[in-house]
Amino acid sequence: MDFPDLEAYFQALTDTTDSIAIINTHYEQDHDKDFKQLDDIFQDIISRPWEHSPDDYYLLFTSHFTFHVKIIEEVIKEAREILNPEKRDFLKKLVKYKKDADEWFQGLKKKRKSVMVAA
């Protein structure tokens, strides 16, 4: 399987994450569009067999993904402190996204371990 260039791949994710982080501001943003993009990217991420990628590529992927999830965690923390009632549903979506991302990532690490033992 061909794997994407991680710099460009995660730049798209970073751009979307930056747009979503605006839920913590008074700036207007098309949050529905941003969350759709985030979901589309995540669906692409979870559809790929990262556990079969070369070691250095896998490590770079996990570094990027871990950093992304940490940023999402910070956005959630800040949004909870501000607690804008109009944006509560978006905050709930973001919390669910982080939970799903964490669960998927834990599963990926287990798959990777199995693949490495079998190799």
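**Aromatic pairs and helix packing in a predicted model**

Guide: The charged end of K93 sits over the ring of F35, 5.9 Å from its centre. This is a predicted model, in which local features need pLDDT of at least 70, side-chain atom pairs count only at pLDDT 80 or more, and totals for chains, interfaces and linings use all residues. Side-chain values use heavy atoms, without hydrogens and water, and residues are numbered from 1 along each chain as its sequence is written.

Visitor: What makes the charged end of R112 count as sitting over the ring of Y58?

Guide: The rule asks for NZ of Lys or CZ of Arg within 6 Å of the ring centre and within 35 degrees of the ring normal. For R112 the distance to the centre of the Y58 ring is 4.1 Å.

Visitor: Why is the aromatic pair of F10 and F61 called tilted?

Guide: Rings of Phe, Tyr and Trp (its six-membered ring) pair if their centres lie within 6.5 Å; planes under 30 degrees apart are stacked, over 60 edge-to-face, and the rest tilted. F10 and F61 have centres 5.7 Å apart and planes at 55°, so the pair is tilted. F10 lies in helix α1 and F61 in helix α3, so the pair ties together parts 51 residues apart in sequence.

Visitor: Why does F10 count as buried?

Guide: Buried means under 20% relative accessible area, exposed over 50%, and partly exposed in between (1.4 Å probe, protein chains only). F10 has 3% relative accessibility and is therefore buried; F61, at 0%, is also buried.

Visitor: Why are α1 and α3 called roughly parallel?

Guide: Angles under 35 degrees count as roughly parallel, over 145 as roughly antiparallel, 65 to 115 as roughly perpendicular and the rest as oblique. The angle between α1 and α3 is about 5°, and the two helices are therefore roughly parallel.

Methods: Helix = DSSP H or I, 4+ residues; strand = E, 2+ residues; numbered from the N terminus. Axes fitted to C-alpha atoms, helices over the stretch in contact; angles between N-to-C directions.
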